[in-house]
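Thank you all for coming; I would like to walk you slowly through one structure. Please have a look at the sequence and the model first, and then we will take a few of its features in turn.

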Amino acid sequence: MRIESVRRSRSYLKHIMDSAIGPRGRAAVTVWSTFPDAANNRVILQVTSLPRPFLTQLARAYDPSAVALVVAPCPQARPQ
């Protein structure tokens, strides 16, 4: 077994993923996917856009180096 020291705990990264998902209020952004990036000890948020208020809110709430952002359209629901 190998024990490695990391900058951010798993619980901190999980907290970011859990609290970031969904619509982000007045920032007009939807975080539609979150997943861990274990190699870089951060989370990746897939978002619909990157307006300045959203970036400011994110930077105030979390360590900016703990989050990577990917801009992509939200997948459309397919009719059954």
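Which element gives the most to the lining of the largest pocket? It is helix H1, with four residues, where helices (H or I, at least four residues) and strands (E, at least two) are DSSP runs numbered from the N terminus. Residues are numbered from 1 along each chain as its sequence is written, and side-chain values use heavy atoms, with hydrogens and water left out.

On confidence, the chain has a mean pLDDT of 83, with 85% of its residues at 70 or more; pLDDT is the predictor's confidence in each residue, from 0 to 100. Where pLDDT is low, the predicted coordinates should not be read in detail.

Turning to the strands, S2 and S3 pair in the antiparallel sense over six bridges, pairing being called if DSSP finds at least two bridges between two strands. Within this pair, serine 33 stands opposite glutamine 46 in S3. The two strands form a hairpin with four residues between them, and asparagine 41 in the turn has a positive phi of about 50 degrees.

S3 (residues 42-47) also pairs with S4, here in the parallel sense over five bridges, and valine 43 stands opposite valine 67 in S4. From S3 the chain crosses through helix H2 (residues 52-61) to S4 in a right-handed β-α-β crossover, that is, with the strands pointing away from the viewer, the path from the first strand over the helix to the second runs clockwise.

Finally, the structure holds four salt bridges, each a side-chain nitrogen of Lys or Arg within 4 Å of a carboxyl oxygen of Asp or Glu. One of them joins the side chains of aspartate 63 and arginine 7 (3.6 Å, N to O). Aspartate 63 lies in the loop between H2 and S4 and arginine 7 in the segment before H1, so this pair ties together parts that are 56 residues apart in sequence.

Methods
This is a predicted model: local features need pLDDT of at least 70, side-chain atom pairs count only at pLDDT 80 or more; totals for chains, interfaces and linings use all residues.
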